[in-house]
Amino acid sequence: MAEAPTTNDNQYLTFTLERELFALDIASVREVLELVNITRVPRTPEYIRGVINLRGRAVPVVDLKMKFGLGATQRTVNTCIIIVEVSLDGEGTVLGALADSVQEVYEMDTGQIEPPPRMGTPIRAEFIRGMGQSGEQFIIILDISKVFTSMELAGLAQALGDAGPEAGEACVS
Amino acid sequence: MMSQDDPHRRAYLEEARELLSDLEASLLELEKIPDDTDLLHKIFRAMHTIKGSGAMFGFDDIAAFTHDVETIFDRVRNGQLGVNRQLLDLSFHACDHIRALLEPGLDQDAALAAQGRTLLDGFHQFAGEDAAEPVVAAAQTPPSAEELSGCRPLIYRLRLKPHSDMLTTGNNPLHLIEDVSALGDCRLFLHAEALPSLDVLEPEVCVVWWDCVLRTTAGRQEIADIFVFAEDECDLTIDVLDNGCAEDGEQAHKLLGQILVERGDITPEDLKAALSVQKRLGDILTDKGLVRSTQVASALAEQSAVRDLQQKPQSERQEKTSSIRVAADKLDFLVDLVGELVIVQAQIRQAVDERGDLYLRSLAEHLERLSDSLRDSTLSIRMVPIGATFAKFRRLVRDLSAELGKDIELVTSGEETELDKNVIERLGDPLVHLLRNSIDHGIEQPADRRAAGKALAGRIHLTAAHAGGEVVITVADDGGGLDAVRIRAKAEQRGLIAPGADLSPKELYHLIFQPGFSTASAVTSISGRGVGMDVVKRAIDSLRGSVEIDSEPGQGTSIIVRLPLTLAIIDGLQVQVAGEYYVVPLALVEECVEIARQDNGTERHIVNMRGEVVPVMRLRDLFNFDGDAPAIEPIVVAKVDGERIGIAVDRVVGEHQTVIKSLGRLYRDVKEFSGATIRGDGSMALIVDVPSLVRRAAGTDLRGIR
């Protein structure tokens, strides 16, 4: 099914994690929110920070920095939640991703995008769709579905399983 | 040719499926009461509709097949053929066949057609055997117009004028009129103008006569038959006023003049002349001496009677249209919206409480009333009686018990119990599992039953009832019961329990819900109940329900399923732990108590409540929160699987109407929470799944499962 090209083509939302510049395909971005209170869900991995109320829906929020091993996202005036819609196993899911700051909507032609380098990036290559450039700075274009698929519940269930028994035994004697 | 996606065809498919389940239900009933003519009529009507609309929407194969079956049933309802097992078996297969014809199958046409022919042969054979007695059906007079209209009621006008000497022949017009009334809805108008004064009245002389308007499904002949012995003693006319084709009052009741003319009371000329004078027609006519006032009154009575009787079928029709088919997703969307509204309403209430503006408060209360009733009525839209589901099981029990050579009766009650449609849909499979188990493993073979001194026929009770905020569904059989010894052996062998572990019978029975018991080998070697019982348990858990098991060796087994009424909105108790808010479903909560920490500062793990030992779990510990619990800890006492458990929290906030929001895919393996809800200030609170929390807390130690 070939879709008519839209103006969204080649548009990316850029944001920062630590000092690195990242980008997401604008097609997967729904909106950008200011940081609100996140309700944590006990006994789940730390990088899944919890859920927020997005107009009556419970939307999980993921700390990308923590996921990538860059430390926890701190609350600043610039901290944002990028609401993305990703497809996990063909099922559309809405998720939030924490970002230190959101920069701009940036246009890049496909020709400008390089394949991900094998080494030298701060995060695992499999999460990277390609590398772009803005002036002197590199932009890491994330493959957001891959990022989330990787944290899908294999890992989450593992974490729960580990925490399970001893926590349980501690309280019912 | 219309496409498969044609909405009318789709509607027909759905209607036909529904009619088929009705049909099956009626057939099952008929099996019990073979001579119930109402049922036969109902069956006939269902077939007739399937046939008629089938032909209309291009399902010619269905129309052709059903036509032949319908013909047989027409003869059955006319008493020409009797109901027997053969007919019922054939009819059930016919239902299956029609159902198969409804499904758009590829390359099955030839096979289906052959199957249809075999079935029809069976029907004809059935008809042939019993048709030894002269069947007049074929030789019947061609159906008159009114008979062609099917079983649709017609409105007749009868004018019965007994001859004055009728009473002396032993005929009593009152008896005749009674018989006429028995045919249907009857309005009578008595003409007693000729009644003399009492002193000259001769009791044997009949001086009165009747006009009668009758709405009935009976044919003209049937009415005439009543008068067969009185034909020579009276003048009788029978006219059809409404041939039943008038729908929705399109052929309205007749005008007074028309009626009088039709009855021959006046001539059309008289009517014309009278109509030229602008006065009430009845008055004009009586003034002119053309009719007596009683005649007018009678005609007026007829007019209103016909109007009444015509309206009746209309109201029946209205009943039909008063239920409407709505796409389920529209309803789900509505429920979602109402959920939003309830949340906003709670937010407003909270805000008003903080501000204390009296006017706002009264507005908020008004809004609360409105949103409460909106919520209730919206949720009630999705509530449907469970009866239809039960009816489907009859067929299952009938087929399965026949297959296993057992005689099993399914007794149901509480069909009217209403449940959320989504719950009913997801409840079907677990209930089928439970019934299969009862049929397959619960109820013994007839020989074993005889040996045990029981009735040969087994019995399964399937009941539904409301109990508080829950629905309780019970599947109880009078079979052999569970074999505790073998369950224990199996559990020990599988390492589920320590050898010789001290378990109550109930705890032992509960082991059959363990996944380890669900493998095929376990099924055959144990007294059986292992088949997918863990699947049942999981399905019920996912509906936030619970399963209990009760068994008496040799006497039978009961499985008790408890379910919440709805999945969308629950009443919850909001609690606070380490600054976070959680909701405990109120239906589980028995009471809240406060317990001071022990003198030495340690926390209690068990509290003594009025002599009962209740284990306590601390959310703070379970969730690995830092910080200290308050010196006086509130404890929410909940009942899980029949046992009480305390949940220690920091603070009990209060009751809270909770709209359940799914936590989404990322959290789907999180068992401690069944969802989230939105608090008055817009933040989220997690809904604690108490039963699975208890299970979690109990760890793998099965003795902890209570």
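Predicted model: local features only at pLDDT ≥ 70, side-chain atom pairs only at ≥ 80, totals over all residues.

User: Why is Gly556(B) called buried?

Analyst: The label buried is given under 20% relative accessible area, and because Gly556(B) has a relative accessible area of 7%, it is buried. This glycine is found in strand β11 of chain B, which covers residues 556–564.

User: Why does Arg610(B) count as exposed, and what is noted about its phi?

Analyst: A residue is exposed when its relative accessible area is over 50%, and Arg610(B), at 66%, therefore counts as exposed. Its phi is positive, about 45 degrees, although Arg610(B) is not a glycine. That is worth noting because most residues other than glycine have a negative phi. Arg610(B) lies in the loop between β15 (606–609) and β16 (612–618) of chain B.

User: Which label does Ala578(B) get for its accessibility?

Analyst: Ala578(B) has a relative accessibility of 25%, so it counts as partly exposed. It too is not a glycine and has a positive phi, of about 50 degrees, and it lies in the loop between β12 (569–577) and β13 (580–585) of chain B.

User: How do you know on which side of α7(B) the buried residues lie?

Analyst: The buried residues of α7(B), the helix of residues 173–182, are Pro173(B), Leu176(B), Ile177(B) and Val180(B). They cover an arc of only 95 degrees around the axis, and therefore they lie on the same side of α7(B). On the other side of this helix, Glu178(B) and Ala182(B) are exposed.

User: How does the reach of helix α4 of chain B compare with the expected span?

Analyst: Helix α4(B), residues 85–102, has 18 residues, and from its first C-alpha to its last it reaches 26 Å, which is close to the 26 Å expected at 1.5 Å a residue. At the start of α4(B), a side-chain oxygen of Asn84(B) comes within 3.2 Å of the backbone nitrogen of Gln86(B). The buried residues of α4(B) include Leu87(B), Phe92(B), Cys95(B) and His97(B).

Key: Residues numbered from 1 in each chain as written. Chains lettered and ligands numbered in written order. Heavy atoms only, no water. Helix = DSSP H or I, 4+ residues; strand = E, 2+ residues; numbered from the N terminus. Expected span 1.5 Å × (residues − 1). Buried < 20%, exposed > 50% of the residue type's maximum accessible area, 1.4 Å probe, protein only. Polar contact = N/O pair within 3.5 Å; in protein donor to acceptor, adjacent residues only side chain to side chain. Arc of directions from axis to C-beta.
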